[in-house]
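Me: I'd like to learn how to read a protein model, one feature after another. Could we start with how helices pass each other?

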Amino acid sequence: MEKLYLVTNPGSSSRKYALYRDDELLCSLHFETEDKQLICTFRRADGSRKKITEGFKRIGDTIRYTYNILDQEGYLGDSVKISAVLARVAATGEYFSDDHIVDAECLRRLEEEKRRAPLHVPVIAAEISKCVETFPDTPVITISDSHFHHTRDDVHKYYAIDTELADRAEIKRYGYHGLSMGAVRNYMRDTEILEPRVVACHLGSGASLTAIKDGYSYDTTMGYTPLEGVMMATRCGDIDPAAASAIQREMGFNEEAVEEYLNRQCGLLGVSGATGDMREILDLRADGDPRAKLAYDMYIYRIQRAVGEMVAAMQGVDALVFTATIGERNAEIRRDIVSGLGYLGFKINDTKNDNGLGDDQHCLISAPSSKPIYVIATDETAAMIRRAKILLGEEVK
């Protein structure tokens with residue numbers, strides 16, 4: 001029997017939804033504010049789209065608007081109902097390293113997590129509460145963005161702090177982008193290209209690298225929150241806590257303000273002084289902007305360094321993967337990263353790299369003499385649906 005899944009992806013100033021019939025995308029909705037008016041861009045699977053502007057007041061009510069639009073557009077009805085609502089959760093703690101059907105306990109944990117991670121959790125917590133209110137007879141499921149990394153050994157999870165404190169306060173390296181990494185691993189396994197030791201680079205506005213050993217997460221660059229690790233669009237990545245304290249004093253920030261600064265005003269944006277968008281960084285760099293050049297060079301270097309860390313963790317590497325928006329679409333960045341990895345046996349084929357994915361799910365961009373280098377289109381939603389089916393006890397292909 002076919003099932004309908006509604007996937008929610010709330011941002012700080014926008015909301016995205018997608019309706020799937022099993023693994024098939026039916027339509028998507030993107031709510032955002034334009035000229036102080038909340039609008040919805042509605043897209044069908046065939047690519048047709050329209051903008052809806054009537055009847056919207058609060059961005060916090062977009063799940064209710066979504067239900068009404070899906071009903072009006074003929075996707076729902078008396079005999080057609082949504083089987084489950086899925087929400088990705090990137091939150092700290094052992095509880096949110098697993099998936100959950102939302103109940104009173106889950107809502108209570110989300111409230112606690114809002115205090116522990118005030119920058120990341122409040123929006124998704126509010127969205128989940130609205131989903132429960134809007135779909136009272138439908139399972140609402142939190143899908144953990146850390147779950148893929150739960151197989152790592154304690155030596156990879158703990159910080160060098162009192163372990164009793166770490167356990168009591170759940171201050172550990174949970175890792176994120178697990179849905180993307182799980183999707184990449186599943187695809188490589190299903191297409192029989194999964195090597196014993198893989199370094200997978202998720203390069204988007206957020207960025208992380210994961211060492212996948214024998215099909216499981218072995219280590220990853222993100223830690224307690226998605227702030228740790230490599231340089232990103234607006235996140236600084238690794239920073240000495242004393243340096244963060246110095247920034248706090250210099251800027252007159254409180255604790256929440258300095259965390260927001262490190263997450264939203266640093267990285268490519270902070271170094272370039274202009275933008276966190278890699279496309280704009282490349283344009284500025286081409287025009288000779290010295291800060292854009294520095295931002296780009298730092299980005300490439302820190303990824304190259306992180307590749308070495310993941311290789312050292314596994315004591316070797318057999319394949320390299322690029323995924324997510326930048327990793328999938330930008331041939332120049334892939335070439336520049338790989339140019340510093342010859343010592344690991346990686347060399348790029350310029351023609352294949354420039355051609356990129358095209359309409360394919362993956363492509364091999366390595367030179368004949370190189371270990372394999374793949375570009376793989378990640379599908380986090382497919383991973384979410386797969387995990388939801390497992391949690392609901394349904395058959396998974």
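Reply: A crossing is left-handed if the near helix is turned anticlockwise from the far one by less than a right angle, and right-handed if clockwise. Helices here are DSSP runs of H or I with at least four residues, strands are runs of E with at least two, and both are numbered from the N terminus. One caution: this is a predicted model, so local features need pLDDT of at least 70 and side-chain atom pairs count only at pLDDT 80 or more, while totals for chains, interfaces and linings use all residues. Residues are numbered from 1 along each chain as its sequence is written, and side-chain values use heavy atoms, leaving out hydrogens and water.

Me: In which hand does helix 11 pass helix 13?

Reply: That crossing is right-handed.

Me: And at what angle do the axes of helix 11 and helix 13 cross?

Reply: Two packed helices are described by the angle and the distance between their axes. An axis is a line fitted to C-alpha atoms, over the stretch in contact for helices, and angles between N-to-C directions run from 0 to 180 degrees. Here, helix 11 (residues 290-314) and helix 13 (residues 331-338) cross at roughly 55°, and their axes come within 9 Å. So helix 11 is oblique to helix 13; angles under 35 degrees count as roughly parallel, over 145 as roughly antiparallel, 65 to 115 as roughly perpendicular, and the rest as oblique.

Me: Which residues make the contact between helix 11 and helix 13?

Reply: Contact means heavy atoms within 4.5 Å. Helix 11 brings Tyr296, Tyr299, Ile300, Ile303 and Gln304, and helix 13 brings Glu332, Ile333, Asp336 and Ile337. Sorted by type, that contact has six nonpolar residues, one polar and two charged. For the sorting, Ala, Val, Leu, Ile, Met, Phe, Trp, Tyr, Cys and Pro count as nonpolar, Asp, Glu, Lys and Arg as charged, and the others, Gly among them, as polar.

Me: Let me try another pair. How do helix 2 and helix 3 pack?

Reply: Helix 2 and helix 3 (residues 121-134) pack at an angle of about 155°, and their axes are 9 Å apart. That makes helix 2 roughly antiparallel to helix 3. This crossing is left-handed. Leu107, Leu110, Glu113 and Lys114 of helix 2 meet Val121, Pro122, Ala125, Ile128 and Ser129 of helix 3, which gives six nonpolar residues, one polar and two charged.

Me: What about helix 1 and helix 3?

Reply: Helix 1 (residues 62-72) packs on helix 3 at about 40°, with the axes 9 Å apart. That makes helix 1 oblique to helix 3. Thr62, Ile63, Arg64 and Tyr67 of helix 1 meet Glu127, Lys130, Cys131 and Thr134 of helix 3. By type, that is three nonpolar, two polar and three charged residues.

Me: What is the volume of the second largest pocket?

Reply: About 720 Å³. Of its 21 lining residues, Tyr224, Thr225, Leu227, Pro241 and Leu262 lie nearest the centre. Helix 8 gives the largest share of the lining, five residues. By type, the lining has ten nonpolar, four polar and seven charged residues.

Me: Where is Tyr224 found?

Reply: Tyr224 is in the loop between strand 11 (216-220) and helix 7. Leaving aside neighbours within four places in sequence, Tyr224 is in contact with several residues, including Arg116, Glu170 and Tyr174.

Me: What is the phi of Glu170?

Reply: Glu170 has a positive phi of about 55°, although it is not a glycine. Glu170 lies in the loop between helix 5 (163-169) and helix 6 (178-190).

Terms used:
1 Å grid on protein atoms, 1.4 Å probe; cavity = no way out; pocket = protein on both sides within 12 Å on 5 of 7 lines; lining within 4 Å. Points joined across faces, edges and corners; volume = space filled by probe spheres on them.
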